[in-house]
Amino acid sequence: MNTNAPESVTALLPDGSRVRLRPVTPEDRQLIEQGFAQLSPRARYHRFLAPADHLSPRQLAYLSEVDHHDHVAWGVIDGDDAVAVGRWVRFAADPTAADVALTVLDSHQRRGIGRLLIGVLAVSARARGVGTLHFDVLAENTAMNGLLRSLRAERRSEDEVVHHVLDVTGVSPPRIVDGDLVQVLERARRDYASGSSSRLSEFTQ
């Protein structure tokens with residue numbers, strides 16, 4: 001994603017710092033691969049619920065070729081660096097529900113980026129007719145489980161992997177200081193559908 005492109009929004013983190021939020025596009029494939037390489041083994045394990053040392057071409061295509069209707073993904077940019085991605089994927093069996101995954105670089109964790117991304121995904125979900133977001137989180141991932149507990153997500157299992165269900169109507173929207181999330185989301189959907197998503201380009205120049 002080009003950090004100077006207009007199709008983005010600016011949000012505030014709890015410490016008052018500003019980050020930008022951009023839809024993921026097919027041109028972000030290499031950036032996603034580079035971001036994965038920066039994750040610690042523990043962060044990869046928490047993201048994929050299993051050890052992972054690389055992303056296959058099929059996985060990279062899945063993570064970058066996002067239609068922004070049934071699969072919505074947002075990147076977080078801090079300065080010139082892409083530091084996080086959050087996404088939801090609609091369940092085929094229940095189009096009003098979606099599975100969520102968050103990835104935040106180790107060096108940017110505990111800044112409130114996870115909470116920010118959940119707020120962004122909730123706004124996007126409401127705009128796409130999704131009412132509940134589902135999270136599968138390792139029990140050992142106390143930070144993420146604690147965040148979802150603070151958001152009043154319903155905890156539906158207590159096994160090695162904890163399943164949370166979050167009603168999007170109860171999620172506060174992020175603190176956006178510039179731009180409109182829904183308008184940017186709709187532009188990303190149209191660009192993907194028309195094959196012109198290259199205008200959104202990469203996370204960095």
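Tutor: What follows goes through the sheet, the core and a few single residues.

Student: What should I know about the model itself?

Tutor: This is a predicted model, in which local features need pLDDT of at least 70 and side-chain atom pairs count only at pLDDT 80 or more, while totals for chains, interfaces and linings use all residues. Residues are numbered from 1 along each chain as its sequence is written, and side-chain values use heavy atoms, with hydrogens and water left out.

Student: OK, in what order do the strands of the open sheet come?

Tutor: The open sheet has nine strands in the order E7-E8-E6-E5-E4-E3-E2-E1-E9, with mixed pairing. Strands and helices here are DSSP runs numbered from the N terminus, of at least two residues for strands (E) and at least four for helices (H or I), and two strands pair if DSSP finds at least two bridges between them.

Student: And which strands stand at the edges?

Tutor: Strand E7 (154-155) and strand E9 (176-178) do, and each has a single partner strand, so one side of each is left without a neighbour in the sheet.

Student: What about E5, is that strand enclosed or open?

Tutor: Seven of the eight residues of E5 (residues 97-104) are buried, so the strand is largely enclosed by the rest of the structure; buried means under 20% relative accessible area, exposed over 50%, and partly exposed in between, with a 1.4 Å probe and protein chains only.

Student: How does E5 pair with E4?

Tutor: E4 (residues 81-90) and E5 run antiparallel and are joined by seven bridges, with Trp88 standing opposite Val100. The two strands form a hairpin with six residues between them.

Student: And how does E5 pair with E6?

Tutor: E5 and E6 (residues 132-138) pair in the parallel sense over three bridges, and Ala98 stands opposite Leu133 there. The chain gets from E5 to E6 through helix H4 (residues 113-127), in a β-α-β crossover that is right-handed, meaning that with the strands pointing away from the viewer the path from the first strand over the helix to the second runs clockwise.

Student: Switching to E3, how is that strand joined to E2 and E4?

Tutor: E3 runs antiparallel to E2 over four bridges, where Pro23 has Trp74 of E3 as its bridge partner, and antiparallel to E4 over eight bridges, where Val72 has Trp88 as its partner. E3 is also mostly covered, with seven of its eight residues buried.

Student: Which residues have the most contacts inside the largest nonpolar core?

Tutor: That core has 51 residues, and those with the most contacts inside it are Leu21, Trp74, Trp88, Ile118, Leu133 and Phe135. H4 gives the most to this core, with nine residues. A nonpolar core is a set of buried Ala, Val, Leu, Ile, Met, Phe, Trp, Tyr and Cys residues joined through side-chain atoms within 4.5 Å.

Student: There's a serine in H4, Ser124. Buried or exposed?

Tutor: Ser124 is buried, with a relative accessible area of 2%. Its side chain makes a polar contact with the side chain of Trp74 at 2.9 Å; a polar contact is a pair of N or O atoms within 3.5 Å where, within protein, one must be able to donate a hydrogen and the other to accept it, and residues adjacent in sequence count only if both atoms are side-chain atoms. Leaving aside neighbours within four places in sequence, Ser124 is in contact (heavy atoms within 4.5 Å) with Val72, Trp74, Trp88 and Leu185.

Student: What does the side chain of Arg90 reach?

Tutor: Arg90, in strand E4, counts as buried at 15% relative accessibility, and its side chain reaches the backbone oxygen of His69 at 2.9 Å. A polar atom of that side chain also lies 2.7 Å from the backbone oxygen of Pro95.

Student: Last one, what is the phi of His68?

Tutor: Phi of His68 is near 60°, a positive value in a residue other than glycine. Most residues other than glycine have a negative phi. His68 is found in the loop between H3 and strand E3 (71-78) and is buried, with a relative accessible area of 1%. Leu49 likewise has a positive phi near 60°, but Leu49 counts as partly exposed at 30% relative accessibility.
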